[in-house]
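The sequence and the structure are shown first.

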Amino acid sequence: MAAPTTPPPARLPPALADAVRDDASLRRFLHGLPGVDQVGVEQRAAGLGTRSIKKASKLWAIDTAISMVDLTTLEGADTHGKVRSLAAKARRPDPDNPDVPQVAAVCVYPDMVETAVRELRGTGIDVASVATAFPSGRSSLKVKLEDTAYAVDAGATEIDMVIDRGAFLSGRYGQVFDEIAQVKHACGDAHLKVILETGELATYDNVRRASWIGLLAGGDFIKTSTGKVSPAATLPVTHVMLQAVRDWHTQTGELRGVKPAGGIRTTKDAIKYLVAVHEVAGPEWLTPTLFRFGASTLLNDLLMQRRTQLAGHYSGPDYVTVD
């Protein structure tokens, strides 16, 4: 394992500091993590998903979820006009109700960052950019770092990088660690979200190991998916990742975030995730600084359900802007 351009967090406890000393130490640490009880985590996710909440709490949950959305467009047909429209929706999600919270961020490809930055200047809404040969991650480290620098130079305040799943699944954990650490360095002041692409990792144990690599290498968030692979975000996988950031906090005192992305389309689904955040990680994670939804269509349903809660009847999709 080559020495990364930037070291992991400086005040690691001895066990974690030893884990990143070299390739063998990292492998020993990752394979020494407790195995994930597949039946247990799936049953707990299903059980928490049945929780019901009262009307007042539901309105709070909807507003909280809106404030956590990374409003996303990642299509080959994206245009600057589409990004401007998305930014307008991010600023004022429901034009008829100015009390609706702004979203957390707008997420775009690197070449659309300048447009998003210009449209969101002064709003407090972050501009996130995917990088590192998204979504496949199949490129050289040099290209990945240039991709990151391009987005940061354009004004991105958050970078969503993809790990090299081929390297991870081949057991080249040190390579994955080094790439994350070097991308983190290239981010400068921008926050780094590390996309694991959990649908390709095959097992919950692999999700746990990849989560810990992302945390050890300095990721500010660990993120489930690119949204381009099925399955994308699932509740059990998100439980495993929430356990990782909780355990990281227990060992280091640092708070790191989680971002499920892909396939979360309804208010009902979003609330299930918020319940999981509260019960698995803890209530301090119920903030956009530590939990995000990567979504393109979720916001519309949240807005429709919010109107329903306030008006007492279903408003329908014609009352929200189309993405």
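The text below treats the protein as a whole and then turns to a single residue.

**Overall form**

The model is predicted. Its secondary structure consists of 13 helices and eight strands. The C-alpha trace spans about 60 × 45 × 35 Å along the principal axes of the protein. For 323 residues, a compact globule would have a radius of gyration near 20 Å, and the 19 Å of the protein therefore agrees with such a form. Among contacts with a separation of 6 or more, 75% are between residues 24 or more positions apart.

**Burial, surface and charge**

The following table lists values for the whole protein.

| Property | Value |
|---|---|
| Buried residues | 55% of the 323 residues |

The protein carries 36 positive and 37 negative side chains. The centres of these two sets lie 3 Å apart.

**Aspartate 94**

Aspartate 94 lies in the loop that runs between helix 5 (80–91) and strand 2 (105–108). The residue counts as buried because its relative accessibility is 3%, and the cut-off for buried is under 20%. Leaving aside neighbours within four places in sequence, aspartate 94 is in contact with Val100, Leu303 and Arg307. With arginine 307, the side chain of aspartate 94 forms a side-chain to side-chain polar contact of 2.9 Å.

Conventions: Residues are numbered from 1 along each chain as its sequence is written. This is a predicted model: local features need pLDDT of at least 70, side-chain atom pairs count only at pLDDT 80 or more; totals for chains, interfaces and linings use all residues. Side-chain values use heavy atoms; hydrogens and water are left out. Helices (H or I, at least four residues) and strands (E, at least two) are DSSP runs, numbered from the N terminus. The radius of gyration is taken over C-alpha atoms; the globule rule is 2.2 Å times the number of residues to the power 0.38. Buried means under 20% relative accessible area, exposed over 50%, partly exposed in between (1.4 Å probe, protein chains only). Contact means heavy atoms within 4.5 Å. Lys and Arg count as positive and Asp and Glu as negative; His and the chain ends are not counted. The place of a charge is taken as NZ of Lys, CZ of Arg, CG of Asp or CD of Glu. A polar contact is a pair of N or O atoms within 3.5 Å; within protein, one must be able to donate a hydrogen and the other to accept it, and residues adjacent in sequence count only if both atoms are side-chain atoms.
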